Amino acid sequence: MAFDIDMIKGVYARMAERVDKAREIVGKPLTLSEKILYSHLWDGEPTQEFLRGKDYVDFAPDRIACQDATAQMALLQFMQAGKPKVAVPTTVHCDHLIQAKNGAVADLKSANSTSAEVFNFLESVSNKYGIGFWKPGAGIIHQVVLENYAFPGGMMIGTDSHTVNAGGLGMVAIGVGGADAVDVMAGMAWELKFPKLIGVKLTGNISGWTSAKDVILKVAGILTVKGGTGAIVEYFGEGAKNLSCTGKGTICNMGAEIGATTSTFGYDESMERYLRATDRNDVADAANQVKEHLTADAAVYANPEQYFDEVIEINLDELRPHLNGPFTPDLATPVGQLGEKARANGWPLKVDWGLIGSCTNSSYEDLTRAASIAKQAVDKKIKSKSDFGINPGSEQIRFTAERDGILEVFENLGATIFTNACGPCIGQWDRSDAKGDAKNTIVHSFNRNFSKRADGNPNTHAFVGSPEMVAAIAISGRLDFDPMNDTLLNEDGEEVKLDEPIGIELPPLGFDVEDAGFLAPDEDGSGVVVKVALDSERLQLLEPFTPIKDESLIGAKLLIKAFGKCTTDHISMAGPWLRFRGHLDNISNNCLIGAVNAFGKKTNFVKNQLTGEFAGVPDTARAYKAAGVRSVVVGDHNYGEGSSREHAAMEPRHLGVAAVIVKSFARIHETNLKKQGMLGLTFDNEADYDLVQEDDTFNFVDIAAFAPEKQLTLELIHADGSKDVIMLNHTYNQPQIDWYREGSALNVIKKENGA
């Protein structure tokens, strides 16, 4: 039986009436995305049409999911909100704080020791406030959500950008910062700009070496890392129906890499099969009663150009396997063409590691397809030229895969089975063949491949592919290997060719597990005491941010002008820094240390205008703060791309940064800046980025008149006394300006609750 079945039935009970009313108001057939959005309005039944890409709308999500690295800050904020219990079903999943090193048993034991303080905190907070808790080792948040909580037609938010994975079960599932989650936990509306809609029509059928992963690798190449910003991507067509539910999840998961608000698919037989296989017959039965509302109206898919803002069509019969990378997930290359490109660019052809798993590709089907390649290697006497690491998606998948002999296949190839956790995908990897800063190549089935992400080495060239392609490339040990056409030399000196992968959508004997790792909260948690040691290096109770005074925005100093790509990994690195995610002051010591300074092209090396000396970014920011001087960060396009981690906004806020001025923002990061009471602004003229000089002083001359749809005027005072006056744009509405004026969105919640 499903969790929260009464809530799910309630969503379905009101869906028909709300969808019918929305269709009447809009005056045309509705996409699936519109049906879900209009049926989850905070005010209930729709009363007006919302303009895509313009109107801010209040929504009522059905549930919330948090992973351990972001849950710490989210729950530290919720503790200030003055509420005895979360208002909607919420879960916490411990999957980020487990380092991959020696194997599942040893690594989990180590994590339970080194991170006991954090795990105990999260378990006690969850127990106190009515939150479901998934223990370390239970699995990766998004796979666990797909197996237990996702349901067609629902809306959820999660404090991880890959929350979008649940779109594989027909949800509108959106990654947010912790402050957004706190709003909903506290029983308040969740605000989102009504998204634009991108339709992706899939025809034909994937076969052979092509997989669902190749669909999103292809889409990423088309739309780039920012092409989906502010939009929901809705997949449809016969090709979509031919995909498995977990294959759909893979596509939605990596939609975060094109900047999409989320991605989704209409309810179909593959989703029903998955629901029933994961012991949710009650959800499948309820969904079948309203299934016409769980997909778009027929006219939409028949004439998509009339209903979507953009339409892409992909023939799966013609789609080839891809490897995307290095250093960016949208650099798409068909496998057979990668060797030539690698040689032209000086990418190392020798592959050192093949990594399979992560929230993107860790399902039972994924493991079986990769295992079918691994088994061939063993049977055909091919010795793997690369090391292998496997991260199953959940304890249920691990237990089932072990029962069915799948994990043994990988072990026979010499693979290390890591814990059911994120591991190398988020930099939690103590790499046995550490390369320092030497150039090297790895292939993985993850979603992101930014510089330094997996192992901290800026010269690790990481390429993203399907689990089966990763297996084949890693076995060959060469980036230019094409398993569809090339042969390998086995131990007997014979040339052998790998056969096409074979996958099993769902386990024939059903899923099984002895201990899934779930702890239900006490019905009454009022007596639970949450303790945070005053001398803790890992946890710190929050002090409310104070409002940024208008007068402090005259004479602000440049902290750093970031050059080129500046993701949340550059702003707030993960890896070893994850241990400080619950301690704002300590985690702030990694603030912007990965960003490349436009002046000198170095990282973590900026000028302190008060002393004329150069130092690290956090040290310089702290010096400005100690002197009572506000600072400013300047950036390029798609600033804040990547993770939903709100630390990337909270750290500069804590260190005295008042404004971030860029050419364009990634959606989640812009919202996070607003939530923390900062100015997130964009250049009206992108070329004005070039006017910013290393010794500049910033005067926000009309900040007192800060208002919706009104530009701000900025004086750039240069070291020689000259100045440039430039105009800045923003997307703040009045409630968001209120967050700024009060110091943060959380301060507004506390004020309203009298806390």
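Reader: How many disulfides does the structure hold?
Author: Happy to start there. This is a predicted model, and a disulfide needs a pair of cysteine sulfur atoms within 2.5 Å. The number of disulfides in the structure is zero.

Reader: Which cysteine sulfur is nearest to that of C66, and how far away is it?
Author: C66 counts as buried, because its relative accessibility is 0%. C66 is in no disulfide. Its nearest cysteine sulfur belongs to C94, at a distance of 11 Å.

Reader: Let's turn to helix α24. Which of its residues are buried, and within what arc do they fall?
Author: Helix α24 covers residues 734-742, and its buried residues are Q736, I737, W739 and Y740. Looking down the axis of α24, you see these buried residues lining one face of the helix, because they fall within an arc of 150°.

Reader: Which elements do those buried residues pack against?
Author: Both strands and helices take part here. The strands are β1 (56-59), β7 (190-193) and β27 (679-683). The helices are α23 (667-675) and α25 (745-753).

Reader: What is found at the start of α24, and which residue follows the helix?
Author: At the start, N733 places a side-chain oxygen within 3.0 Å of the backbone nitrogen of Q736. Q736 is also one of the buried residues of α24. After the helix comes a residue whose phi is positive, near 105°, and that residue is G743.

Reader: Where does D688 lie, and which side chain of opposite charge is nearest?
Author: You will find D688 in the loop between β27 and β28 (697-700). Leaving out residues up to four places away in sequence, D688 touches F683 and I726. D688 is buried yet has no salt bridge, which would need a distance within 4 Å. The nearest side chain of opposite charge is 10 Å away, and it is that of K561.

Methods: Residues are numbered from 1 along each chain as its sequence is written. This is a predicted model: local features need pLDDT of at least 70, side-chain atom pairs count only at pLDDT 80 or more; totals for chains, interfaces and linings use all residues. Side-chain values use heavy atoms; hydrogens and water are left out. Buried means under 20% relative accessible area, exposed over 50%, partly exposed in between (1.4 Å probe, protein chains only). Helices (H or I, at least four residues) and strands (E, at least two) are DSSP runs, numbered from the N terminus. The arc is that of the directions from the helix axis to the C-beta atoms. Contact means heavy atoms within 4.5 Å. A polar contact is a pair of N or O atoms within 3.5 Å; within protein, one must be able to donate a hydrogen and the other to accept it, and residues adjacent in sequence count only if both atoms are side-chain atoms. Lys and Arg count as positive and Asp and Glu as negative; His and the chain ends are not counted.
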